[in-house]
Amino acid sequence: MDFNVKKLASDAGIFFTRAIQFTGEKFGQVEKTELDAHFENLLSRADSTKNWTEKIFRQTEVLLQPNPIDNTGSRIEEFLYEKLDRTVPSRPNNEELLGHYMQDAAKDFGPGTPYGSTLIKVGDCERRLGSVQREFLQTSAIGFLTPLRNFLEGDWRTISKERRLLENRRLDLDSCKARLKKAKLAESKAACEGEAVPDFQETRPRNYVLSASASALWSEEVDKAEHELRLAQTEFDRQAEVTRLLLEGISSTHVNHLRCLHEFVEAQTAYYKQCHLHMQDLQKELDSSNGDVFPNAFAGNPGHSMASGGSSPLDPASAVETDTLKIEEVQAPATGTRKAKVLYDYDAADTSELSLLADELITVYTVPGMDSDWLVGERGNQKGKVPVTYLELLS
């Protein structure tokens, strides 16, 4: 086995010297070179950027894939395909699987039956939702997660490497300063001893010669220590400048991540908008197709009124259908009105409904014959049906 013994011994000596310097700094026994305030601010900003980027990255992964434990096998497969530099095969997501199951069940129950035909429509909507989600996940992964990952695995690793190297250069510099200080003290002491007049009556007059020789040796040691200090200072200054440039690049990283964040918000907005439109289309389609089987299944359910009041759905006085109910003719009752806080924005589907804005307060009350999922809401001169699930009743 061929290895350089001298280099190994030199590296061990450098490591030992650094360890002594580091330990002395911790106990306050030796001096430490302090970085300037601007450099310290850059270091603090870089650490903060790394920590928060890592947290945002991890939580975004959780948002896009809520149950990573359930997908452990998929992740292992993706890892293997990535290492083999091959394309990961496409697999259906949860919404697409649900859509497939619904449509397969419809074939078994009979697509001509009311339940079977409804399963087909809902299953098709679920598959479309799954397709929209797949596109959203791909867009978010490319436009938002990838830049964050590149920073953590690329730029930050480079910064960390250069910071460790800078710390080693600082330890070497401070060790040289301590060595020079020690050599100067020894040289001064040897010079003072050499200035004393020797007593040649002593039995060992050679002490004077030894003192002069020691002074010369320490003077040589001081020159050597000063030379090493100059080299260490040069290496430290060069490494500090390299590290400073990398740390100042954090500002560019913030600008890049800001742009990616805007793209992520746009992708989320488009995703939820498309999902909302798909669900609205499905609800309207079910309203129109199931009206003969379940009259007013989504607008008002007379079966609920029959169960609660005991009257027959064939009785004209048993319920007032909300489709024929003229909201503008409805009058607020003398008692029974309540204040409600709107929880979410709501866009009216037709003129009989009232559009809502989150956090606003409106007056609501019930109308005989109206489905329990709806209330009549008033805001100033505006009046219309409002869904109960969008409200928080206050009084």
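Biologist: In which helix is L261 found?

Modeller: L261 is found in helix α7 (residues 250-289). Helices (H or I, at least four residues) and strands (E, at least two) are DSSP runs, numbered from the N terminus. Please note that this is a predicted model, in which local features need pLDDT of at least 70, side-chain atom pairs count only at pLDDT 80 or more, and totals for chains, interfaces and linings use all residues. Residues are numbered from 1 along each chain as its sequence is written, and side-chain values use heavy atoms, with hydrogens and water left out.

Biologist: How many helices and strands does the chain have, and in what order do the elements run?

Modeller: There are 8 helices and 5 strands. From the N terminus on, the order is α-α-α-α-α-α-α-α-β-β-β-β-β.

Biologist: Is L261 buried, partly exposed or exposed?

Modeller: Buried means under 20% relative accessible area, exposed over 50%, and partly exposed in between (1.4 Å probe, protein chains only). L261 counts as partly exposed because its relative accessibility is 39%. Together with L258 and V265, L261 forms a nonpolar patch on the surface, with about 250 Å² of accessible area together. Accessible areas come from the Shrake-Rupley method with a 1.4 Å probe, and for residues only the protein chains shown count as cover.

Biologist: Which residues is R244 in contact with, leaving aside its neighbours within four places in sequence?

Modeller: Contact means heavy atoms within 4.5 Å. With those neighbours left aside, R244 is in contact with D36, H38, F39 and L42. R244 lies in helix α6 (residues 207-248) and counts as buried, at 18% relative accessibility.

Biologist: How many disulfides does the structure hold?

Modeller: A disulfide is a pair of cysteine sulfur atoms within 2.5 Å. The structure holds 0 disulfides. For C125, the nearest cysteine sulfur, that of C275, is 8.7 Å away. C125 is buried, with a relative accessible area of 0%.

Biologist: What lies 2.9 Å from a polar atom of the side chain of S175?

Modeller: That is the backbone oxygen of L171. S175 is found in helix α5 (residues 114-195) and is buried, with a relative accessible area of 8%.

Key:
Polar contact = N/O pair within 3.5 Å; in protein donor to acceptor, adjacent residues only side chain to side chain. Patch = residues over 30% accessible without salt bridge, like charges linked within 9 Å, V, L, I, M, F, W, Y side chains within 5 Å. Salt bridge = Lys/Arg side-chain N within 4 Å of Asp/Glu carboxyl O.
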